[in-house]
Amino acid sequence: MTQATAVKVRDRPAERTDFWWVEPVVIVAVLGAFVLYSMYAGLAGTNYYFEPYLSPLYSPCITANCVHPTLPIVGSYWNLSPAILIVAFPLAFRVTCYYYRRSYYRAFFWSPPACAVPDARKSYAGETRFPFLAQNLHRYALIFATTLLIFLWWDVFLAFNFNGHFGIGLGSILMLANVILLSGYSASCHSLRYLVGGYLDSFHGKSLRFRLWSWANTLNARHARWAWASLLVVGSTDAYIRLLAMGVLHDPRIVF
Amino acid sequence: MADVERHDYDVVVIGAGGAGLRAAIEADARGAKTAIVCKSLLGKAHTVMAEGGIAAALGNVWPEDNWKVHFRDTMRGGKLLNNWRMAQLHAQEAPDRVLELEEWGALFDRTKDGLILQRDFGGHRYARLAHVGDRTGLEMIRTLQDAAVAKGIDVFMECTLRHLLTDGERVTGAMGYWRQSGKLIAFGAKAVVLATGGVGKAWRVTSNSWEYTGDGIAMALEAGADLIDMEMTQFHPTGMVWPPSVRGLLVTEGVRGDGGTLRNKSGDRFMFKYIPAFFRAETADTEKEADAWYEDKKNNRRTPDLLPRDEVARAINSEVKAGRGTEHGGVFLDIATRRSADYIKRRLPSMYHQFKELADVDITKQQMEIGPTLHYIMGGIRVDPDTEAATVPGLYAAGEVAAGMHGANRLGGNSLSDLLVFGRRAGEAAAEYSKRARAPTVDDAQVSAYAQRMEAPFEKGGDENPYKIHSELQDTMQELVGIIRRRDELEEALARLERFRARAARASVTGSRVYNPGWHLALDLENLIGVSEAVTRSALIREESRGGHTRDDFPKTDPEWGTKNVVTRKRDGRLNITTEPIPKVPAELSALLGEDKPTGDAATGARTPVAAGDD
Amino acid sequence: MPDTQVWVWRGDASGGDFMPYRVEADEGMVVLDVVHRIQAEKAPDLAVRWNCKAGKCGSCSAEVNGHPKLMCMTRMNEFAPDEHITISPVKTFPVIKDLVTDVSFNYEKAKTIPPFKPKPRDPDGKRRMYQEDVERVQEFHKCIECFLCQDVCHVIRDHEENKESFSGPRFFVRLAALEMHPLDANERIDLIRAKHGLGFCNITKCCTEVCPEDIHITDNAIIPLKERVVSAHYDPIAWALRRMRGKKDEFAPPEPKPPSA
């Protein structure tokens, strides 16, 4: 049985011959593109407002120097892009997100790159050590990021107001879609599902929490889709407003 | 003496299905040093395949239900051939055994007010089966497995025990081999509990796995214990028939319990033609009434689709033989027209999955093609009803391997409860016996002789492929000792079994002793053939049709035979078949059963029944 | 019916290799049927585990073309007619022979889990549980212990040294079943973090992908357990709340109660 070519079963080469590498490559490309674009857009500090649209990457705009301040609590001494002050919140939410963790551990860390394909790392301690221990604070990231959603909804409200007249522009629709997707992303969060009722062992006699948990559960099943859709639409909304502000595009709108 | 690993225990339980695990938990709880020995990995035993539920008169859905009704249903379903005391104990204790599973963490489906939900099944007057969707057996075995592991009971996995060790009459241990290493192992034990299940692998179309080779029955027979009712084999009416690779796979009776109906190829609900007199009073005779029964059980009689399994299996067999079957030799089972897709997926998830994955059939839209499959043997080791002691000292048996409880036909759902009720009783009695018994002596000469027998296939250099012999055995039992039996065919089967035995002795084995399935099968053949012979000889003796035993040449159910057990013993290497009277049901229980007795002709199919006196 | 060719890994702990076998193909055949036919016709000592052949017992786990699968539920018609089909033993556990591996790791881990401990009965002596509570845990009870999740989990598949401190997805499913059981009174959260190594899991979800019972292992068992561990160990507000309420609040797992009589 044991022949000259025999290999120990654990050392045998991976037998998957299908295109397992497609998924990590796509994730690296899309996530990478988003990170690069949002760094460019966030650091630029210009072209983030085209009346009445405020880019979601800049909302809430909290500096006095902002073109369209939402809540100017930072004085005019802040000369850099206002986006820098708020980026940490949505960033932390996405970085610690259970879905994104799956994706970047696979695509960027290759740990593992795909199922039953060998881990690229020699030693592995998962999330038991710093900095990965911080992933455990996902629920705080959820709370902060979700709080900021209030401002985004306010921006959408403003985005239907064209000099005192109600109107609908392509920008308004994009911003509305964006905030709906972001809200869906938050509402489908694993931590939220836990906080609204998942911590209970018995829902009997706790019908509100059971209903909330059931909704969260239903949304949670599609958490990955919410994550991707909201990511792409945030980027697109910013790009659209940016191009409007740069005068490249013209915003089709109906004002009543 | 051969190199044999040795262990000593108070109680050795062979088999780790429901009965074995329950017996071991009880023996351990009563202070006996206990071991569980099983052929497969722990938790893979056939109990895992049980789907529909555990019958127990909890009365959660129908407060009218109680042990007396359950007792009556069991006895009538068994065509009154049951051991009345076992049926009584079973009906009385099943509810406690089910509730006990909850104490160990089992999660049954619930009624609205938080109690265990119960479902309808064939032959049970009330919805009585505690269940978890259609994977009740998995829930049960995992619960018992975890309970046994938590108690720290020693488990010997993938260890096949092939022979009982004896000291005079008394059983003092068991011997076999580790499947993984091929090394031999012997247990000295004050008491041995057999919980090895049945012998389904002797048939071609069976719901049973490779493990079902009749080990316990063969070992008990060898050790001098009595068997009874070996002719009583159950063909489950609904096994898959297509594609060929899944032929025989079980389709739970829960499909019919939850609204499925049987139809032949022209779409007729043929079961209305096959209602025997014995069940006429409680069975709907029109489609209208049967349909209404699903919604209103008080004012309608139950559908004939839910007659006991023997009746339904025979009916299907007759339809197919009369040319009214499907192209693959089955009939249709349809639940899609009565129930919504959601309901089916929630109540029968694994059936949905099984048909979808293995047969490309969506049972929420399409009909299933089904036919009878050998599922269970009612016969087996004769035991004392209260202690499950076999007729030789130190030996106990529980579950499918034991006989008496189910008479001529087992009702669906009564098996899981049987495992728990009698598993516990066997464990208790074995532990108590081990306290009284003197230390077992293991006879080295016996150990050496058995060691030689097990090692023989490696040394003999035979010329017969064991897989081929097994396959031919399965065909023989299927064709000649199937649902419908006949003298000449049974005699032919006996002749062939003799030839198989001679060939099995020359089975060839290649490779090493490490995890060698060819060797294992070569050894299993002896048990398969031996138990097949017991079934065939018993079937030849019982000249009537009753329950799981239907004779084409004796199609009538004969009240005279209803008072007799067929008893099998092995003496001087030969099977000795006799009849003995069944213990008489005491008057107060007899009153529960009703006056009528099973009579009339069994539906034997297209063949013309041979007139009595023809042979 | 045409022939079908597969490459079966044959060997033992010392090594082995793929061997080609050609057998007749039947309609509806699954990989396990092919293996059985090879056993019956070509290699009687070919070692393979199986029982129910219906995806209910979880015995016939192997890797087919590198994918962890139950052989009894993998149809041969999933493959292209000329596809190179390999069948090999699971990788996480040591090989005994051919397709059979030593899975005792799992049975040893099972022994370290504190069992179910029931809360007291209702005043009328009955136990009540409700379908909505039972259903969440029933998903976990669907586990057939095929150990494919253990096989695919890179924490132990690729890092032998982690086996000591990590129990694997199967046992997080089991621990979740116990922790979320409406009537359980035992305390395991500490153990889940420290002894069973929940933190090693980086939720890459391969366990969920291979589960033949479609248990949402990652989303419904592992992540909720991680959240419970966070409440008990990492969340400062949950900690403060516990202190304020005298160590009893809903965010903390229930205190162990004495077993019922």
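Which residue in S20(B) is the bridge partner of Thr568(B)? The bridge partner is Ile577(B). This is a predicted model, in which local features need pLDDT of at least 70 and side-chain atom pairs count only at pLDDT 80 or more, while totals for chains, interfaces and linings use all residues. Residues are numbered from 1 along each chain as its sequence is written, and chains are lettered from A, with ligands numbered from 1, in the order in which they are written.

Strand S19 (residues 564-571) of chain B runs antiparallel to S20(B), with eight bridges between them; strands pair if DSSP finds at least two bridges between them, and helices (H or I, at least four residues) and strands (E, at least two) are DSSP runs numbered from the N terminus. The two strands form a hairpin with two residues between them, and Asp572(B) in the turn has a positive phi of about 55°. Strand S20 (residues 574-581) of chain B lies largely in the open because the number buried among its eight residues is zero; buried means that 20 or more other C-beta atoms, placed from the backbone, lie within 10 Å of the residue's own.

| Property of chain A | Value |
|---|---|
| Elements | nine helices and five strands |
| C-alpha span along principal axes | about 85 × 55 × 40 Å |
| Buried share of the 256 residues | 38% |

In the interface, 51 residues of chain C are in contact with 44 residues of chain A, contact being C-beta atoms, placed from the backbone, within 7 Å. H9(C) gives the largest share of the side of chain C that touches chain A, eight residues.

Note on methods. Buried ≥ 20, exposed ≤ 12 C-beta atoms within 10 Å, placed from the backbone. Contact = placed C-beta atoms within 7 Å.
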